[in-house]
Amino acid sequence: MRLRKVKNALETVNSHPEIVIPNPEEHRGKWNELFKNNNPIYLEIGMGKGKFITEHAKRNKDINYIGLEIAESVLVRAVEKLIEQPLDNLLLIHADAFLINNIFEKGEISKIFLNFSDPWPKSRHAKRRLTCNTILRNYCTILPIEGSIEMKTDNRKLFEYSLQEFVKFGLPIENLSLNLHEDKEDIITTEYEDKFVAKGNVIYFVEVKNNGK
Ligand code: SAH
């Protein structure tokens with residue numbers, strides 16, 4: 001049953017090349033041509049079913065958005081939403097985040113969002129975390145100087161690890177909250193965030209800036 005579900009998901013994902021861009025490496029350095037304007041591009045990595053990025057794209061028409069997701073089983077949900085309600089400032093990519101520097105050129109992405117990334121709690125899996133040193137290097141090769149990374153999570157251990165990795169990498173903290181939902185109003189939430197907030201979990205938030213180091 002599960003196999004069938006995934007097969008259908010992949011078929012849907014692959015049959016909408018206007019939404020999920022095939023061979024994204026071919027557009028490296030030319031994403032603005034696909035959006036047909038020169039607005040800044042914000043990238044969400046591991047966007048899941050796409051609630052956060054779709055809402056951002058609806059509210060901010062002068063920004064282009066790209067959602068990147070490795071799992072077609074959730075990516076397909078975002079595709080279905082966009083078939084129903086197309087958004088010309090949002091495109092999706094079905095790929096592994098560790099390959100982003102094959103997909104984007106230096107300075108092409110103005111902001112990166114990491115929302116509720118997989119915590120990979122075992123230390124032998126630390127290299128898979130989306131805030132490990134290797135991937136921070138990748139992020140900094142696609143962000144311009146002054147570009148930023150925004151991260152939200154309810155996982156204290158992942159948050160502590162990420163703060164340490166940002167500091168070790170020399171990325172200065174611009175904004176920080178140890179209880180985002182107490183500190184800020186009008187938050188655009190993700191699917192996971194809604195679930196965790198309903199359970200009473202605290203949401204941590206940090207924004208770091210690429211200072212070109
Ligand atoms: N951001 C969403 C989903 C969080 S779950 C939300 O907050 O609701 C983490 C997501 O990251 C999953 O959908 C998972 O498939 C995706 N992911 C994990 N590793 C990834 C990688 N290397 N590249 C792209 N996506 C990844």
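Trainee: Which residues does Phe205 touch, not counting residues up to four places away in sequence?
Mentor: Keep in mind that this is a predicted model. Phe205 sits in strand β7, residues 204-209. Leaving out residues up to four places away in sequence, Phe205 touches Glu150, Met151, Lys152, Phe159, Asn175, Leu176, Ser177 and Leu180.

Trainee: Is Phe205 buried or exposed?
Mentor: The cut-off for buried is under 20% relative accessible area. Phe205 comes out at 13%, so it counts as buried.

Trainee: What separates the C-alpha atoms of Phe205 and Tyr161?
Mentor: Along the chain, those two are 44 residues apart.

Trainee: Moving on to helix α6, which of its residues are buried?
Mentor: The helix covers residues 133-142. As a rule, an α-helix has 3.6 residues a turn, so residues three or four places apart point the same way. In α6 the buried ones are Ile135, Leu136, Asn138, Tyr139, Cys140 and Ile142.

Trainee: And which elements do the buried residues of α6 pack against?
Mentor: There are strands and helices on that list. The strands are β1 (41-45), β4 (111-115) and β5 (148-153). The helices are α5 (100-103) and α7 (156-169).

Trainee: Which residues touch the most other members of the largest nonpolar core?
Mentor: In soluble globular proteins, nonpolar side chains tend to be buried together. The largest core here holds 38 residues. Those touching the most other members are Trp31, Leu43, Ile45, Phe104, Ile112, Tyr139 and Ile149.

Trainee: Which residues in a second, separate core can you name?
Mentor: That core has 21 residues. Among them are Val13, Ile19, Tyr65 and Val79.

Trainee: What does Ile149 touch, not counting residues up to four places away in sequence?
Mentor: Ile149 belongs to the largest core, and Tyr139, one of its contacts, is a buried residue of α6.

Trainee: What about His56: which residues is it in contact with, leaving aside its neighbours within four places in sequence?
Mentor: His56 lies in helix α3, residues 51-59. With a relative accessible area of 14%, His56 is buried. Its contacts beyond those neighbours are Tyr65, Phe113 and Ile188.

Trainee: What is phi of Lys36 near?
Mentor: Lys36 is in the loop between α2 (31-35) and β1, and it is exposed, with a relative accessible area of 74%. Its phi is positive although the residue is something other than glycine. The value is near 60°.

Trainee: Where is Glu146 found, and what is its phi?
Mentor: Glu146 is found in the loop between α6 and β5. At 52% relative accessibility, Glu146 counts as exposed. Although Glu146 is not a glycine, its phi is positive, at about 85°.

Trainee: Stepping back, how many helices and strands does the chain have, and what is its radius of gyration?
Mentor: The secondary structure comes to nine helices and seven strands. For 213 residues the globule rule gives 17 Å, and the chain is close to that, so it is as compact as a globular protein of that length. Its radius of gyration is 17 Å.

Trainee: Last one: how far apart do the centres of the positive and negative side chains lie?
Mentor: The chain carries 31 positive and 31 negative side chains. The centres of those two sets lie 7 Å apart.

Notes:
Residues are numbered from 1 along each chain as its sequence is written. This is a predicted model: local features need pLDDT of at least 70, side-chain atom pairs count only at pLDDT 80 or more; totals for chains, interfaces and linings use all residues. Side-chain values use heavy atoms; hydrogens and water are left out. A nonpolar core is a set of buried Ala, Val, Leu, Ile, Met, Phe, Trp, Tyr and Cys residues joined through side-chain atoms within 4.5 Å. Buried means under 20% relative accessible area, exposed over 50%, partly exposed in between (1.4 Å probe, protein chains only). Contact means heavy atoms within 4.5 Å. Helices (H or I, at least four residues) and strands (E, at least two) are DSSP runs, numbered from the N terminus. The radius of gyration is taken over C-alpha atoms; the globule rule is 2.2 Å times the number of residues to the power 0.38. Lys and Arg count as positive and Asp and Glu as negative; His and the chain ends are not counted. The place of a charge is taken as NZ of Lys, CZ of Arg, CG of Asp or CD of Glu.
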